[in-house]
Amino acid sequence: MPQAINLALKTIMQKKQAIVFVSSRASAQKCALEIAKKIKQINLILPEQILDVSPTPTKQCKNLAICLKKEIAFHHAGLLQKQKEIIENEFRAGRIKVICATPTLAAGLSLPVFRVILRSLKRFSGNWGMNYIPVLEYLQMAGRAGRPEYEKFGEAISIAKDDAQKQEIHEKYICGKPEEIYSKLAVEPVLRTYILSLISSGIIRNNKTMLEFFSKTFWAHQFKDIPKLQSKLNEMLEKLQEWDFVHVVDNLNQETKESTNLEIKKEENKVTNNLKSNIKTNITSKFSDFVNATKLTKKQNKTKLNNNNHNEDKIFKATTMGKRISGLYLDPLTANHLITCLNKYQKQNNNQDLDSQTNNFQLLQMISNTLEIRPQLKVRTNDHELVQDAILKHHNILLQKEPDQYDLEYPQFLNSIKTTLFFQDWIDEKTQDNLFEKFKIAPGEINVKISIADWLFYACEEISHILKQKETIKDIRKLRIRIKNGVKEELLGLLKLSGVGRIRARKLHKNNIKNINDLKKTNQTAIGQIIGNKLAQDIKKQLGQEIIEIKPTKRKGQMSLSKFT
DNA sequence: GTATGCTGCGTTTAGACAGCATGTC
DNA sequence: CTAAACGCAGCATAC
């Protein structure tokens, strides 16, 4: 720790710039603060810029401002997009001297720097505690060092805790070779999505073309074993049939044939299923990021249709729903989850009238338990009460079945509840700062979660459309606007105006202007006093009413042209 | 009296691509 | 490959 800081300070004294790579967000922040503490020089412009991006700065924003005063910054995915941009630009311009960062900065954008300091080459990995990062990542980070325009060379310094580690690092990273790159197709969600998309677009029409197509991929090239590959593909295809996204029809009479020959193949299935489980373990061990599809849903009955193994004459057809799912780039597993939940939602709401808050909880929990929303907000030790209360209150109206306490997926379920509670607070107009304190969600992540939720709900709208669920569509539309803007239901009317978001709508509402009609009845000057004259004029224009011309006011610091004429 | 530092214990641990159509503070 | 660093509380010490 002190070595990294000393190296950073030394770099500044040399009038050069450094990036310190660390392995957690907290470390990045702390490291930056420690360096900043030891610097005297003060810059007042940068902190102002950083704080300006949010009306309710969190502790994180404030810490960043403290660092920037000393021309130091930290950088990780929890920062707001704008803050990241400011940091990157100011660093390029040389006004920020040191950035303490997580691996965000290693990938993608180019931020050349004189010295890269790698405080630790280990990172936490769920199963095995702290572990050495891949050589590829080391190269990424070390590769930031050296600015071809200004320097003849750059430095990448790795810090070892003792001689033994020094040796290890030298062997693994300095002398070692980078790892092989593995095909992304080996990840089940990707494979599922691709097969559906290929069938939907007609590129894959039958077993033969499917095998032909995938044999040419990088995945097959690595995998080598074609029968296994075929088996994996078939497994996916079965799922797609089971979910009704793909039909396998007879080439001759085009008749759907899914459910007819279930029984006949049972015996045969026992054999293939054994084979399949072998494959699964095989792949899992080979590809560390392999995500098992079956984990998310309840165990489906294992002996199911497997009628496409030897049917060279059958052709694959995507259903209407299948095509739409593919067009939405949704993982079929997620799509199936959404469809099941939406059907239940529809049925439940026909039987009983739940209040809109409960309805929203149902819908939010539905999307909070998808692969797409991940990472979910994690239930921490102090959150258990909060989450348990919510479960108690809602367990009988959940759209999915609550998994067993001892089930492997139970923690995920708990996380989904916490994520739901976060969304609920967001549309209850809680501030960024509130959410940060209560859920420990970083400002930058709020926006990410919201845009994913919006996308998923858009997909739900499309699905409901195909399912002809008009009431559901209505609910989702409303919820989408609320999610996008983070507002209570009562502000929905005001949001129709452009230029009005959660803050301004709330201001108007507080002043007893609660809908478009109130707005029409209020005169422009009165509105102007609440949210500014310029906007008031603009709103009147949008309402199709008479407007009062306002004199353009001189902005602070703006020079009058008359001086020069 | 208050700022700073040390120790011990409990807790936590990187990141990121999808659709669609524009405009929040 | 089977940890390591952070944050907080409580207490000791320095000013």
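1. Strand pairing at β4 and β7. In this predicted model, strand β4, which covers residues 115-118, pairs with β7 in the parallel sense, and the pairing runs over four bridges. Within this pair, R115 stands opposite E155 of β7.

2. The sheet as a whole. The pairing of β4 and β7 belongs to an open sheet of five strands, whose order is β2-β3-β1-β4-β7 and whose pairing is parallel. The edges are held by β2 (72-75) and β7 (155-158); each has a single partner strand, so one side of each is left without a neighbour in the sheet. On average, and with direction ignored, neighbouring strands of this sheet are turned by 15° against each other.

3. Surroundings of DNA strand C. Which residues surround DNA strand C? They are A26, S27, K30, R119, F124, W128, M130, N131 and K161. Of the atoms of DNA strand C that come within 4 Å of the protein, sugar and phosphate account for 68%.

4. Elements facing DNA strand C. Helix or strand elements that each supply at least two residues of the surface near DNA strand C are α2 (25-37) and β6 (129-132). The most is given by α2, with three residues.

5. Individual contacts with DNA strand C. The side chain of K161 places an N or O atom 2.6 Å from a phosphate oxygen of DNA strand C. For M130, a backbone N or O atom lies 3.5 Å from a sugar or linking oxygen of DNA strand C. The side chain of N131 has an N or O atom 3.4 Å from a base oxygen of DNA strand C.

6. Surroundings of DNA strand B. How many residues surround DNA strand B? There are 30, and the closest are R25, P375, R480, G499 and R504. Sugar or phosphate makes up 53% of the atoms of DNA strand B within 4 Å of the protein, and the rest belong to bases. The surface near DNA strand B divides by class into 10 nonpolar, 10 polar and 10 charged residues.

7. Contacts with the phosphates of DNA strand B. An N or O atom in the side chain of R25 is 2.8 Å from a phosphate oxygen of DNA strand B. The elements giving two or more residues to the surface near DNA strand B are β5 (122-125), α19 (443-467) and α21 (502-510). The largest share, four residues, comes from α19.

8. The whole structure contains 22 salt bridges. One of them joins K232 and E188, with the closest N and O atoms 3.5 Å apart. Because K232 lies in helix α11 (residues 226-242) and E188 in helix α8 (residues 188-200), the pair ties together parts that are 44 residues apart in sequence. Are these two residues buried or exposed? K232 counts as buried, at 2% relative accessibility, and E188 is buried too, with a relative accessible area of 2%; the cut-off for buried is under 20%.

9. E235 and K232 are both buried.

10. K430 and D428 form a salt bridge through their side chains, at 2.8 Å from N to O. K430 counts as partly exposed, at 27% relative accessibility, and D428 likewise counts as partly exposed, at 31%. Elsewhere, salt bridges that share partners join E188, R192, K232, E235 and D331 into one network.

Conventions
Residues are numbered from 1 along each chain as its sequence is written. Chains are lettered from A and ligands numbered from 1 in the order in which they are written. This is a predicted model: local features need pLDDT of at least 70, side-chain atom pairs count only at pLDDT 80 or more; totals for chains, interfaces and linings use all residues. Side-chain values use heavy atoms; hydrogens and water are left out. Two strands pair if DSSP finds at least two bridges between them. Axes are lines fitted to C-alpha atoms, for helices over the stretch in contact, and angles run from 0 to 180 degrees between N-to-C directions. A residue is near a molecule or strand if one of its heavy atoms lies within 4 Å of it. A polar contact is a pair of N or O atoms within 3.5 Å; within protein, one must be able to donate a hydrogen and the other to accept it, and residues adjacent in sequence count only if both atoms are side-chain atoms. Ala, Val, Leu, Ile, Met, Phe, Trp, Tyr, Cys and Pro count as nonpolar, Asp, Glu, Lys and Arg as charged, and the others, Gly among them, as polar. A salt bridge is a side-chain nitrogen of Lys or Arg within 4 Å of a carboxyl oxygen of Asp or Glu. Buried means under 20% relative accessible area, exposed over 50%, partly exposed in between (1.4 Å probe, protein chains only).
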